[in-house]
Amino acid sequence: MAGICCGVVGESEPAAPVDSVTRTSLKRRLDLLPSIKIVAKSAVAPPLETCRKRQKRVTPSLVSTSPDLESNSISSSATEEAESSFFSDAPKIGTTSVCGRRRDMEDAVSLHPSLLHKNSEDLHFYGVFDGHGCSHVAEKCRERLHEIVKHEVEAMASDNEWKETMAKSFQKMDREVSQRDASRSAKSSCRCELQSPQCDAVGSTAVVSVVTPEKIVVSNCGDSRAVLCRNGLAIALSSDHKPDRPDELNRIQEAGGRVIYWDGARVLGVLAMSRAIGDNYLKPYVIPDPEVTVTDRTEEDECLILASDGLWDVVTNETACGVARMCLKDSDAAHNACSDAALLLTKLALARQSSDNVSVVVVDLRKRRNN
């Protein structure tokens with residue numbers, strides 16, 4: 001009901017177009033949703049000046065209650081002020097990451113605008129990682145996967161090699177996770193240390209996008225998801241790796257494994273996804289090999305949404321795009337639009353009783369207009 005009262009969507013999907021009056025009413029009604037605490041902790045910290053501006057804008061309506069929220073917004077203008085004009089073409093970004101109704105926070109978000117400059121083009125990296133068993137695999141992916149991707153892309157001979165490049169990156173990340181023992185820095189805070197020293201029962205999903213001026217490359221392993229909003233349509237750029245997906249079910253059975261229905265389809269009755277980074281004890285049934293899509297950018301592209309299943313379990317692709325488009329249409333506050341979209345999607349997921357951590361990244365793909 002909270003989602004309906006908000007004016008975001010009705011009982012039937014997808015949402016109808018929202019005019020400016022409804023948007024104003026919606027923003028006023030956001031205070032009716034569960035309050036969210038802003039925590040100064042993120043994959044990429046924005047400049048101090050930007051933090052202060054965002055804090056002044058958000059804090060009055062978000063009282064310090066539960067659940068905890070990590071929130072950051074990175075815009076090209078803010079990054080340029082903090083770094084250099086090298087970032088001037090970086091898309092605007094909004095992100096939220098919420099523990100929600102879970103006891104532990106196991107999601108991680110990675111944002112690296114202008115990760116690499118190649119062939120006179122800036123390549124931007126965005127990733128969402130949803131850990132299970134513990135948070136350290138997701139955190140390791142947050143710390144290292146963009147660097148691995150950067151190294152592999154630098155060695156890439158042509159744009160025709162994106163699928164092989166991203167597959168190599170994920171496989172290298174999986175090997176690093178398996179060999180992490182000697183160099184782990186957060187040893188004392190890792191709750192799975194109370195279990196096996198190898199932490200074989202820990203893993204993470206990974207949905208990663210590399211955005212160039214001409215392409216949107218999405219690499220997915222697990223049940224996090226990437227959705228492109230194009231001219232009002234929601235286009236899934238990834239497919240969830242569920243154990244009962246026909247091709248995944250066949251692959252698992254051919255490898256000698258079984259899918260057991262225990263509170264949903266699970267590999268060996270344990271894991272509710274068929275691909276992940278880590279999870280050594282479930283290999284070869286659970287594999288780290290990603291599915292990669294390469295999509296040409298068009299003038300009709302509006303935004304890209306990356307999120308963990310804490311959002312997608314309760315919000316459809318169409319509704320998510322409708323909410324993001326509504327925020328982006330508010331051209332008078334374009335620098336805040338992506339942050340508003342990520343925050344509103346997170347609030348909607350919580351209002352719809354999402355039982356998982358919720359992490360959302362919204363990337364503005366609209367072409368810049370020269371004033």
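Predicted model: local features only at pLDDT ≥ 70, side-chain atom pairs only at ≥ 80, totals over all residues.
Residues are numbered from 1 along each chain as its sequence is written, and side-chain values use heavy atoms, with hydrogens and water left out.

To see the lining, select Leu115, Leu116, Leu123, Val149, Lys150, Val153 and Val210, each of which has an atom within 4 Å of a cavity point. Strand S4 (107-118) and helix H5 (136-154) are the elements that give two or more residues to this lining, and H5 supplies the largest share, three residues. Helices (H or I, at least four residues) and strands (E, at least two) are DSSP runs, numbered from the N terminus. By class, the lining has six nonpolar residues, no polar ones and one charged; here Ala, Val, Leu, Ile, Met, Phe, Trp, Tyr, Cys and Pro count as nonpolar, Asp, Glu, Lys and Arg as charged, and the others, Gly among them, as polar.

Next, select helix H9 (residues 317-328), whose end C-alpha atoms are 16 Å apart, in agreement with the 16 Å that its 12 residues should span at 1.5 Å a residue, because the expected span is 1.5 Å times one less than the number of residues. Nine of the 12 residues of H9 are buried, that is, under 20% relative accessible area with a 1.4 Å probe and protein chains only; among them are Asn317, Cys321 and Leu328.

Now move to the loop between strand S13 (277-278) and strand S14 (291-296), where Pro284 is found, and display the cis peptide bond that joins Lys283 and Pro284, with omega about 10°. The loop between S13 and S14 is also the place of Asp279, a residue other than glycine whose phi is positive, near 50°, and which is buried, with a relative accessible area of 0%. Most residues other than glycine have a negative phi, and most peptide bonds are trans.

Finally, select Asn231, in the loop between strand S9 (225-230) and strand S10 (233-236), which has a positive phi of about 55° although it is not a glycine.

How values were computed. Buried < 20%, exposed > 50% of the residue type's maximum accessible area, 1.4 Å probe, protein only. 1 Å grid on protein atoms, 1.4 Å probe; cavity = no way out; pocket = protein on both sides within 12 Å on 5 of 7 lines; lining within 4 Å.
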